[in-house]
Amino acid sequence: MNSFILYNPTKLVFGIGETAKISQLVPAKARVLLVYGGGSVKKNGSYDQTIKALGRRKVVEFSGIEANPEYETCLKAVEVIKKNKLDFILALGGGSVIDASKFIAAAALFKGKNPWQILTSYGANVKEALPLGTVLTIPATGSEMNQNSVISRRATTEKLAFASDLVFPKFSVLDPTFTLTLPDRQISNGVVDAFVHVMEQYCTRPSDAPIQDGFSETILRTLVSEGPKALKKKDDIAVRSNIMFSATMALNKLICVGVPEDWATHLIGHEITALYGLDHAQSLAVVMPKLLEYKRASKGDKLVQLGRNVFGISEKSKKAAITKTIEAVANFFKKMKVGTEFADYKIDAKQAPAKVAANVAKHFAALGENADITPADVEKLLKL
């Protein structure tokens, strides 16, 4: 296990009706920008409960955050903050709203000429940010308990990430009842996204880290077990609670400390979304099985461990165990009703690999835990 620092200052408030605690969590004199996406927050009860909890505080609403939050939209929110002299951001929604709010929080106090530099520097130039909290309505990204954000820029077909300890949410409220009205597509996407988050931190190479591995495998088993149930049992609050907590724990730094991380699937997936507009989880489902097959030699030991401890695969042959495990991952995505091929999304599988690889080359020379996946490799693996 490698040396590490584990830091996470986000206060997690989990449970039915816990949104009321916002009245204690947001400073009494705060001037709040309430950020959300579309109208779903007014259907699931989260909006009304949040407004009630904010009480008499000054609140300015900003809606319209996209599923892949757009840079230009975020800059409009920054202008609203400056115009109204707001000093606290409350994100009401899923990962996209929270990611957008993190960028808005950093951009509102950014001293540089161009806030896009926050993303091109991966957050290295973020020196201050407005405080923010979240009310989660879509379990998926884990953004409610980490310092990461991903923003898209349609004009340049780019999708970039940044990270900064300054944008950790001060608190995050997780009420599983807000997820009961989610459509199947968002349930499916959320479970797949959380699953891949764990895989990016777990399925690399053995690191003599049984605690991290054990936590990872528990989260994966929970998602494999509970994910399909959520598509069938629409009102099962226990299932929704387990999925919600799994998605948060999948990306809050707990399972990645001291071990190598991959993230190639995500970075390739970002380029697919930027080019073709796929949902984030859809792009991940296209990439991951192919990447696992392409890197089966270097990831072989962890793939065998994954197969044995998560999917119950007991093949004696290492080669057969690896093959069955990769198939199990792809089949799980399909069971969650998320396609794993370009053709599932009517994308030309002959042209897409080269286009995606070209976009990857603009930002990275190599990807993966061993930095051995070049843009040329990206094109090859996407053709599998």
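Predicted model: local features only at pLDDT ≥ 70, side-chain atom pairs only at ≥ 80, totals over all residues.

User: What makes H3 and H4 oblique to each other?

Analyst: Helix H3 (residues 71-84) packs against helix H4 (residues 95-107) at an angle of about 50°, and their axes are 9 Å apart. Angles under 35 degrees count as roughly parallel and those of 65 to 115 as roughly perpendicular. H3 and H4 are therefore oblique to each other. Their crossing is right-handed.

User: Which residues of H3 and H4 meet, and how many of them are nonpolar, polar and charged?

Analyst: From H3 come Tyr-71, Cys-74, Leu-75, Ala-77, Val-78 and Ile-81, which meet Ala-100, Phe-103, Ile-104 and Ala-107 of H4. The contact of H3 with H4 has ten nonpolar, no polar and no charged residues.

User: Why is H9 called roughly perpendicular to H13?

Analyst: Helix H9 (residues 264-276) and helix H13 (residues 352-363) pack with their axes 9 Å apart, at an angle of about 115°. The range for roughly perpendicular is 65 to 115 degrees, so H9 is described as roughly perpendicular to H13. H9 passes H13 in a right-handed crossing. On the H9 side, the contact is made by Ile-268, Glu-271, Ile-272, Leu-275 and Tyr-276; on the H13 side, by Ala-352, Lys-355, Val-356, Asn-359, Val-360 and His-363. These residues divide into seven nonpolar, two polar and two charged.

User: What makes H13 roughly antiparallel to H14?

Analyst: The axes of H13 and helix H14 (residues 375-382) cross at roughly 155° and come within 8 Å. Angles over 145 degrees count as roughly antiparallel, and H13 is therefore roughly antiparallel to H14. The crossing of H13 and H14 is right-handed. H13 contributes Pro-353, Ala-354, Val-356, Ala-357, Val-360 and Ala-361 to the contact, and H14 contributes Pro-375, Val-378, Glu-379 and Leu-382. By class, nine residues of this contact are nonpolar, none is polar and one is charged.

User: How many residues does the largest nonpolar core have, and which of them have the most contacts inside it?

Analyst: The largest nonpolar core has 57 residues, and Met-199, Ile-268, Phe-333 and Val-378 have the most contacts inside it. Helix H6 (residues 184-202) supplies the largest share of this core, nine residues. Apart from it lies another core of 37 residues, including Ile-81, Ala-91, Ala-100 and Ile-118.

User: Which residues does Phe-333 touch, not counting those up to four places away in sequence?

Analyst: On that count, Phe-333 touches Val-192, Phe-195, Val-196, Ala-285, Met-288, Pro-289, Val-338 and Thr-340.

User: How do you know whether Ala-330 is buried or exposed?

Analyst: Buried means under 20% relative accessible area. Ala-330 has 12% relative accessibility and therefore counts as buried. Ala-330 belongs to helix H12 (residues 318-335). Leaving aside neighbours within four places in sequence, Ala-330 is in contact with Pro-289 and Thr-340. Ala-330 and Pro-289 are 41 residues apart in sequence, yet 5.9 Å apart in space, C-alpha to C-alpha.

User: Why is Thr-157 called partly exposed?

Analyst: The class partly exposed lies between buried, under 20%, and exposed, over 50%. Thr-157 has 30% relative accessibility and therefore counts as partly exposed. Thr-157 lies in the loop between strand E6 (148-153) and strand E7 (158-163).

User: What is noted about phi of Thr-157 and of Trp-263?

Analyst: Most residues other than glycine have a negative phi. Phi of Thr-157 is near 45°, a positive value in a residue other than glycine. Trp-263, also not a glycine, has a positive phi of about 70°. Trp-263 is found in the loop between helix H8 (237-249) and H9.

Definitions and conventions: Residues numbered from 1 in each chain as written. Heavy atoms only, no water. Axes fitted to C-alpha atoms, helices over the stretch in contact; angles between N-to-C directions. Helix = DSSP H or I, 4+ residues; strand = E, 2+ residues; numbered from the N terminus. Left-handed = near helix turned anticlockwise from the far one by under 90°. Contact = heavy atoms within 4.5 Å. Nonpolar A, V, L, I, M, F, W, Y, C, P; charged D, E, K, R; others polar. Core = buried A, V, L, I, M, F, W, Y, C linked by side-chain atoms within 4.5 Å. Buried < 20%, exposed > 50% of the residue type's maximum accessible area, 1.4 Å probe, protein only.
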